[in-house]
Amino acid sequence: MRAVRDVSFSIEAGSTFGLLGPNGAGKTTTMRMIVGIYMPDGGTIAWKGAPIDGRIRRRFGYLPEERGLYGRMKVREQIAFFGRLHGLVEPDVSARTQRWIDNLELNEYVDRPCAELSKGNQQKVQIACAAVHNPELLVLDEPFTGLDPVNADMLLATLRDLKRTGTTLVLSSHQMWQLEQLCDHFCIITNGENRVSGTLAQLRAAWTTRVIRIEPGGEAVRRVLQSVAGAHPLPSDDGALLYEVPASTELQRILRDLVAVEPVTRFEAIEPSLHDIYVRTIEGAA
Amino acid sequence: MNDFITVYSAEIMRRLRSRIFIVGILIGAIGIAALIKLPAFMDSVATQANRIEVAGDPALVSQAGPLLRKDYHIVRALPGKTTVLPSDLSDAKNISAIIVLRRSGHSMNVVVYARDPGNISVSSLRRDLLPISLQIATGLSHADLGRALKLPVAMRAINSKFGTAAQANDARIIAYIMLFSLYILIMINSQLIMSSVAEEKTSRIAEMLVASVNPSALLSGKIAASATLAIVQMIIWIAVGFLFGAHPGAPPALEAADSSRATTFSLSSVSSADLAGFAAFFLLGYLQVSTMFAAVGSLVNRTEDLGALAGPLVIPVVAAFLIAMTALAAPNTPVVIITSFVPLIAPFVMFARIVVSDVPAWQVMLSLAINIAATWGIAVLAGKIYRVGMLLYGRPPKLAQIWSVIRS
């Protein structure tokens, strides 16, 4: 049993931070330590330079991976209840509750017990509960799980709004494209340890290869690419040629050589996606 | 402190808005009113069964009337009628028996014609008609016989809290109502807290709650809110009890107090010190039991497991209630005195002793001190169990694991 061991990162205020890793890597435990559910037996966690105490924690919001609501409590009451738990008082609590009901399009359910809502709508209520007090730091563990594409887009827009108003976001998710759209910084952990961290540009810069796509892919083109040191073909299902070449390769030179042997209608250097970086990092760690 | 107040007020609002709370108060109030009025109702039913006609020797019928009215409702007197036919009873549907009195030499002959012989008590008939029988047998005058039968008995209270039997009886009735309220409130509200904690755990909302507020504040706020509402319930129920059961002014006469059919009591039998003792021991008992129940609630993974885990916790509360009932009748027996200091049991037993006897002040103080310390100890242990239990999913923890959490 190893519930995290040596994870270290800093998050810029107002930024959006993606915490990635395979199941059992220690993401949830790390998040629970940030919001004070678990106390680390070593190391420190600080917010704006100060150790996190109850007063600071009240300015945080947390959406756990395991979803849960008071089943018999009505939607509006539930959101307001969590607002009060975070120190909101009337009339502020009612106003903010209504704002979140509007934002997440929950108006038709406000007077229904939460247990009667669909899983997706329950999740929206829980997100509202976590964020109703406009937290300085909002920690979301797998927030997109269980949402249909429309609701996932709605959540994405909501999180962008929160980011615009200065809320610092920490997210974990296995939906890479959503994280890629939302996050400024990433940290990939496995077995309770940092593997890579930084902005997407920094992660890409550290990538040792590049993928290029060429159309059409005639025999002459293949010969040119095979002559590039360290290049090797990747499978392609649309007739185009895909080659992975070392990151140090001068792409302009390859393009010149290709054009010289055959007409090329498309030459594209494909940046590694977050998904590629994640998979390669996890494979490397294994 | 802010966390505590937030949880406390939020929990109060949550419970006040729940229908179960309102319905619980109403059902309890109706139950208490029914309990108090039940004997009177039973009496009225019994009166229906005791409707009789008295027939026979006119002089005997005249003498027997006032004596029989203590136990029977005489619908009609039939002096001179000595023969009773079955039709006499079947025609008169509102009577249960016809009693025929005849003189026979130096004695009286009584025949009861009853629709249901089980409804007419021969012993009470004998007791009621005894003065007439003695008068016929001895030839004493009515006045002499009356004086002879009214044997003077003087009651002298020694080392007693009460001056009269009526006061003692009233105090016991009130103590019974309060103990019953104490028992019901502690049992119901403790189980409500346990269910509430278990619901928060099984519905997985616990993680959000614990991330929002300190677990100790969460637990103490819930228990304090529940205690406050239990006190409100108790005040309403006791007010209903007094409204339906108390009679104003002086205590009733000795005869009435001795009667098994007494259904009212005087508030003068309970002092303000008794009420203060009740409040203090109610609070201690409530905190001890509800804190334990809350800790147990945090250990379950399925609400179906609550019953099995709560069972052992119910035993001391039931035992305390039963010992307290004994204490109302015998407040100075060794078992009662010893248990009036034992945590979980003392809140019931010491209160019962206070109401029906003069408990030395040092004993009350010692019991309070022991129970305050025990309440604190239980709260510390329960807090540790709760903090870990709320986030512990999967297999229920083993006793060894719980023990290691407590020791940590």
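Modeller: Two residues are in contact if their C-beta atoms, placed from the backbone, lie within 7 Å. This is a predicted model: local features need pLDDT of at least 70, side-chain atom pairs count only at pLDDT 80 or more, and totals for chains, interfaces and linings use all residues. Residues are numbered from 1 along each chain as its sequence is written, while chains are lettered from A and ligands numbered from 1 in the order in which they are written.

Biologist: Which residues does A:Ile56 touch, leaving out those up to four places away in sequence?

Modeller: A:Trp47 and A:Ala50. A:Ile56 itself sits in helix H2 (residues 54–57) of chain A.

Biologist: What makes residues 54–57 a helix?

Modeller: Helices are DSSP runs of H or I with at least four residues; strands are E runs of at least two; both are numbered from the N terminus. Residues 54–57 carry the name H2 in chain A.

Biologist: Why is A:Ile56 called partly exposed?

Modeller: Count C-beta atoms, placed from the backbone, within 10 Å of the residue's own: 20 or more others means buried, 12 or fewer exposed, in between partly exposed. A:Ile56 has 16, so it is partly exposed.

Biologist: How far is A:Ile56 from A:Glu136 in sequence and in space?

Modeller: They are 80 residues apart in sequence and 9.3 Å apart in space, C-alpha to C-alpha.

Biologist: What makes helix H3 (residues 75–85) of chain A mostly covered?

Modeller: Ten of its eleven residues are buried. Among them are A:Val75, A:Ile79, A:Phe81, A:Phe82 and A:Leu85. The buried set also includes A:Arg76 and A:Arg84. After H3(A) comes A:Gly87, with a positive phi near 95°.

Biologist: And the whole chains? How many residues does each have, and what share is buried?

Modeller: Chain A has 286 residues, 37% of them buried. Chain B has 408, with 35% buried. Chain A holds eleven helices and twelve strands; chain B holds 16 helices and four strands.

Biologist: Which strands of chain A form the open sheet of six?

Modeller: The order is E4-E5-E6-E1-E7-E8, with mixed pairing. Strand E4 (60–63) and strand E8 (193–199) are the edges, each pairing on one side only. Neighbouring strands are turned by 15° against each other on average, direction ignored.

Biologist: How do you know that strands E1 and E6 of chain A pair?

Modeller: Two strands pair if DSSP finds at least two bridges between them. E1 (residues 16–20) and E6 (residues 168–172) share three bridges, in the parallel sense. A:Phe17 stands opposite A:Val170 there.

Biologist: How many residues of each chain meet at the interface?

Modeller: 16 residues of chain B are in contact with 20 residues of chain A. Helix H1 (2–16) and helix H8 (206–212) of chain B each supply at least two residues of chain B's side. The model scores ipTM 0.79 and pTM 0.69.

Biologist: What is the confidence in chain B?

Modeller: pLDDT is the predictor's confidence in each residue, from 0 to 100. Chain B averages 80, and 88% of its residues score at least 70.

Biologist: Which elements of chain B have the lowest and the highest mean pLDDT?

Modeller: Helix H10 (residues 254–258) is lowest, at 39, and helix H13 (residues 334–339) highest, at 92. Over residues 249–262 of chain B, pLDDT stays under 50. The model has 22 contacts beyond four places in sequence for that stretch.

Methods. Axes are lines fitted to C-alpha atoms, for helices over the stretch in contact, and angles run from 0 to 180 degrees between N-to-C directions.
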